[in-house]
Amino acid sequence: RPGTPDMYILGIAGGADEDVFRNEVLYLRQLSAKRWNADGRMISLINHPASAKGDAPMPLATRQSIGQSLDALGKVLDPEEDVLFLYLSSHGLDDNSVYLHTGPGQEEYLAPNELARMLDNAGIGNAVVVVSACYSGAFIQALRSPRHTVITAARRDRPSFGCGNTDSATWFGRAFLVEALNTTTDLTQ
């Protein structure tokens, strides 16, 4: 919509073995529709067996599908006016990559510099990148730009908490998505 800054959403749930990652991205869809009127401007990539079933199956989160999604978003959003909100929830490894697990024996890893390259190649201008994963602080330096806001769940040398099937969201996801963004959409607050 020319003259109106729109929020485009890319939600990525990288872990197939735990519900919390999928839950966060599904919650992000609801929140984005309500808080940013983002219906029709959302892509969800979810590596969870339950998300591949039903009437509206979700595509898997792989390096290829993330790159293709960013390329598609780069073609429709106005890089000077619109904002990409990218939310990545998964296991993070101590080498600072994020785990993309699509099933037994099917795993990839996404490094911070690789995501930075994908954003640049897609022509994404303004971006808010949120990484809910252990050791995710390395994404801050890799994505540093005057046009990016980067929020992570942990420092580059520390784990975060709350993974598992007993929680509905990671501790960070609950604090950021459920509590903070339901109070305000001002990221500074």
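**Helix 3 and its surroundings**

Q: What do the buried residues of helix 3 pack against?
A: They pack against helix 2 (63–76), strand 3 (83–89), strand 5 (106–110), strand 6 (126–132), helix 4 (138–142) and strand 7 (148–152). Helices (H or I, at least four residues) and strands (E, at least two) are DSSP runs, numbered from the N terminus. This is a predicted model, in which local features need pLDDT of at least 70 and side-chain atom pairs count only at pLDDT 80 or more, while totals for chains, interfaces and linings use all residues. Residues are numbered from 1 along each chain as its sequence is written, and side-chain values use heavy atoms, with hydrogens and water left out.

Q: Which residues of helix 3 are called buried?
A: Buried means under 20% relative accessible area, exposed over 50%, partly exposed in between (1.4 Å probe, protein chains only). In helix 3 (residues 112–122) the buried residues are Pro112, Glu114, Leu115, Ala116, Met118, Leu119 and Ala122.

Q: What is leucine 115 in contact with, leaving aside its neighbours within four places in sequence?
A: Contact means heavy atoms within 4.5 Å. Leucine 115 is in contact with Ile66, Leu70, Leu86, Leu110, Val129, Phe139 and Leu143, its neighbours within four places in sequence being left aside.

Q: Which residues touch the most other members of the largest nonpolar core?
A: A nonpolar core is a set of buried Ala, Val, Leu, Ile, Met, Phe, Trp, Tyr and Cys residues joined through side-chain atoms within 4.5 Å. The largest one has 28 residues, and Ile66, Leu70, Leu84, Leu86 and Leu115 touch the most other members. Helix 3 gives the largest share of this core, 5 residues. Apart from it lies another core, of 16 residues, including Met7 and Tyr87.

Q: Why is one side of strand 2 and of strand 7 left without a neighbour in the sheet?
A: Two strands pair if DSSP finds at least two bridges between them. The open sheet has 5 strands in the order 2-1-3-6-7, with parallel pairing. Strand 2 (42–46) and strand 7 stand at the edges with a single partner strand each, so one side of each has no neighbour in the sheet. Strand 6 and strand 7, which run parallel, are joined by 5 bridges.

Q: What makes the pair of tryptophan 36 and phenylalanine 85 tilted?
A: Rings of Phe, Tyr and Trp (its six-membered ring) pair if their centres lie within 6.5 Å; planes under 30 degrees apart count as stacked, over 60 as edge-to-face and the rest as tilted. Tryptophan 36 and phenylalanine 85 are 5.0 Å apart centre to centre, with 45° between the planes, and the pair is tilted.

Q: Why is the pair of phenylalanine 172 and phenylalanine 176 called stacked?
A: Their ring centres are 5.6 Å apart and their planes are at 5°, so the pair is stacked. Phenylalanine 172 and phenylalanine 176 are both buried.

Q: How do you know that arginine 41 lies over the face of tyrosine 8?
A: A charge sits over a ring if NZ of Lys or CZ of Arg is within 6 Å of the ring centre and within 35 degrees of the ring normal. Arginine 41 lies over the face of tyrosine 8, at 5.7 Å from the ring centre.

Q: Why does asparagine 37 count as partly exposed?
A: Its relative accessibility is 48%, so asparagine 37 counts as partly exposed. Asparagine 37 is in the loop between helix 1 and strand 2.
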